[in-house]
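Let's take a friendly walk through a protein model. Please keep the sequence and the 3D view open as you read.

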Amino acid sequence: MSDNKMSANQTAEGAAETAPAVNKQELLEKFDKESKTRTFVSPIMDKLFKIVCMVITIYHLVFAAGLYTPETLRHRAIHVAMMLVLSFAMYPATKKASRKNIAWYDWGLIALSIVTAVYMCINYKSIVNRAGVVNPTDVMIGAILTVLVLEATRRVCGLALPILSLIFVFYALMGVRAGMIPVNVPGIFLHRGYTLPKIFSNFYTNTEGIFGSSVNVASTYIFLFICFGEFMNKCGMGKFFNDIATALAGWSKGGPAKVAIIASGLLGMINGAAVAVVVTTGSFTIPLMKREGYDKEFSGAVVATGSVGGQLMPPVMGAAAFIMAETLGIQYSSLLISAAIPAVIYYMGILFQIQMRADKLKMKPTPKEELPKIGEVMKESGHLAIPIIFLVYMLFFSGKTVIMAAFYSIICTIVVAQLRKNTRMSLNDILGALQKSATSTVSVAIACACVGCIVGVCSITGFALNLANAIVMIGGKSLLFTLVFSMITCMILGMGLPSIPSYIITSTVAAPALVQLGIPAIAAHMFCFYFAMFANLTPPVALASFAAAGISGGDPMKTGWASVKLALAGFILPYMFVYNTDLLLLDTPIATGLRVAITAIIGVFLISVAVEGFLYANVNVVLRAAALVGAYMLIDSGMVTDLIGVAIAVVLFVIQKGIQKKNGVTPTAA
């Protein structure tokens, strides 16, 4: 190991010593329901569980390779049953239940989970031929599956999602005309009403219920990209991301915070689980930020905003983007192109505030000799970038499907990792990655299955369209009011939910309202997508921010509001690309796209000045207000408003530079 790396490690160790001891697993379990899993004490049970996990992953890889392609309903039923089996094996029913052995009743639930798939596989043709005709056995199996999915979701994701699903089921049952509950829903949400047999049959026998498009995406794209991420983690990708971020940004003022943003963003892009990324990167970067001089709340907010933003960043975007592409019926590569500029602008806004805060606190850059050199990092682990480059090539230029791109990228990762001893994977590592792929997919897959209940009810009752009409009616045909009401709807529905079900629900109920006002579908869905992600940052339920506060020792609510302040540009961005779809590069010439991107970055810069109140020197209230006006001007796509916004930015820069010289402050390195 080089002296530079030893210095960097010593720096990290020194920071860790000044930080409160943090138990990563306890922190994960406190803020991430998905982490409260069993650890089997029986060696036989442990091996059996690992074998089952590996078999599940191999099944999905074989399906992706096209070696075994069962019919749609069969495949989705098998996938959901597999995830249910793992759910009841991994997650205890209550806090007091054993976390070392599977309870007898869980074995019963596992058996019932298998029955739901076996019944579908045996009776597939009969179910399809019945084409929606209610059959008593179908209803019974559908009821069993619904209860299993709700219980598994309760264990894996908490109460919020199953309760929301039950509310929708209760809503579907109401209706004097044909409902089981002979009471009409008031107002525009009135529908004919349905019975439980009809609802259970709809959930089970077609692709508009539990086996809907969200389960399809979970059983293909999401599973494979999670598998890709697990193999990347096994060969040391997390360390590579951290080292490369430290080498690139560690030398500048506020370097630890910039390292946290870059590392959290890179890992979040692959991982897609904001709380897990916070705990992984925050345990290293938060102590460094606190030692540098940032306060506890700001340090936690940096990691939280960086981790959530990873799901907005191409080329992987966590996992929810796959569902968006499937819902919109567009190529995944097209979605990545549209998402690129907003994601970059989001991170630019955070980096601007970090830099201004560092200037305000008069921080000193970390000496370069104490940091790893980028050349050494690339020499030791640079080959790990090859699988990501290969993935980008496969997605954009190969002509292969996303599923095949993910499959070949997994193979590429295994091969590339063997090139150097420090990243080489043993057989046990490969088997471990196969096992972890299955267990890591459980939370996503179960949530997608549960969301199928909500989407199924929306489909048969017309709830989504009715809500869209209500939002448009309340908005009074005003695009701005409609956007605000849609944002509030997305934030409320997204509270306490994992990012994927949050996006599915919000896009189902809010996106149609925006489309009705003439907004392109991709812009409407991106709008919902952003605010569904930001629910992880916004109090009163801000899981990513609260987890970061658990590491930093800061106040959870204050950390949540600090996260909102730091990510303020991200909250404004969806409005920007709705009003100016050139930001999404929709049929936009490159020159126009660059101009719009540059003016948007200037707008985000002005927002950062207004929020932090610092640019070379303290910014007075009048100039902060002027900065907000300039930022607002740059939201509009007109040439005149852009020129006004840029002019305000130039004037602000000149004034603040003059104040700096007048005060005799010598500028330091960025």
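A residue is called buried when its relative accessible area is under 20%, exposed when it is over 50%, and partly exposed in between. Keep in mind that this is a predicted model.

With that scale, look at L585: its relative accessible area is 28%, so L585 is partly exposed. You can find L585 in the loop between α27 (568-579) and α28 (590-612). Although L585 is not a glycine, its phi is positive, at about 55 degrees.

Y616 also has a positive phi, near 70 degrees, and is a residue other than glycine. Look for Y616 in the loop between β1 (614-615) and β2 (617-618). Y616 counts as partly exposed because its relative accessibility is 26%.

Is S87 buried or exposed? At 1% relative accessibility, S87 is buried. This serine sits in helix α4 (residues 72-90). Apart from its neighbours within four places in sequence, S87 is in contact with A152, V156, V442 and I446.

Now for the nonpolar core. The largest one has 214 residues, and the members that touch the most others are Y332, M526 and F529. Which helix gives the most to this core? That is helix α19 (residues 427-461), with 16 residues. Setting aside neighbours within four places in sequence, Y332 has contacts that include P315, V316, F322 and L395.

| Helix pair | Axes come within | Crossing angle |
|---|---|---|
| α13 (residues 296-309) and α25 (residues 543-552) | 8 Å | roughly 135 degrees |
| α6 (residues 136-157) and α8 (residues 196-205) | 8 Å | roughly 75 degrees |

Start with α13 and α25. Their angle makes them oblique to each other, and their crossing is right-handed. On the α13 side, K296, G300, A304 and V308 take part, and they meet A544, S545, A548 and S552 in α25. Sorted by class, the contact of α13 with α25 has four nonpolar, three polar and one charged residues.

What about α6 and α8? Angles from 65 to 115 degrees count as roughly perpendicular, and α6 and α8 are therefore roughly perpendicular to each other. Several residues of α6, including D138, V139 and I141, meet residues of α8, among them P197, F200 and Y204. The contact of α6 with α8 divides into eight nonpolar, four polar and one charged residues.

Technical notes
Residues are numbered from 1 along each chain as its sequence is written. This is a predicted model: local features need pLDDT of at least 70, side-chain atom pairs count only at pLDDT 80 or more; totals for chains, interfaces and linings use all residues. Side-chain values use heavy atoms; hydrogens and water are left out. Axes are lines fitted to C-alpha atoms, for helices over the stretch in contact, and angles run from 0 to 180 degrees between N-to-C directions. Helices (H or I, at least four residues) and strands (E, at least two) are DSSP runs, numbered from the N terminus. Angles under 35 degrees count as roughly parallel, over 145 as roughly antiparallel, 65 to 115 as roughly perpendicular and the rest as oblique. A crossing is left-handed if the near helix is turned anticlockwise from the far one by less than a right angle, and right-handed if clockwise. Contact means heavy atoms within 4.5 Å. Ala, Val, Leu, Ile, Met, Phe, Trp, Tyr, Cys and Pro count as nonpolar, Asp, Glu, Lys and Arg as charged, and the others, Gly among them, as polar. A nonpolar core is a set of buried Ala, Val, Leu, Ile, Met, Phe, Trp, Tyr and Cys residues joined through side-chain atoms within 4.5 Å. Buried means under 20% relative accessible area, exposed over 50%, partly exposed in between (1.4 Å probe, protein chains only).
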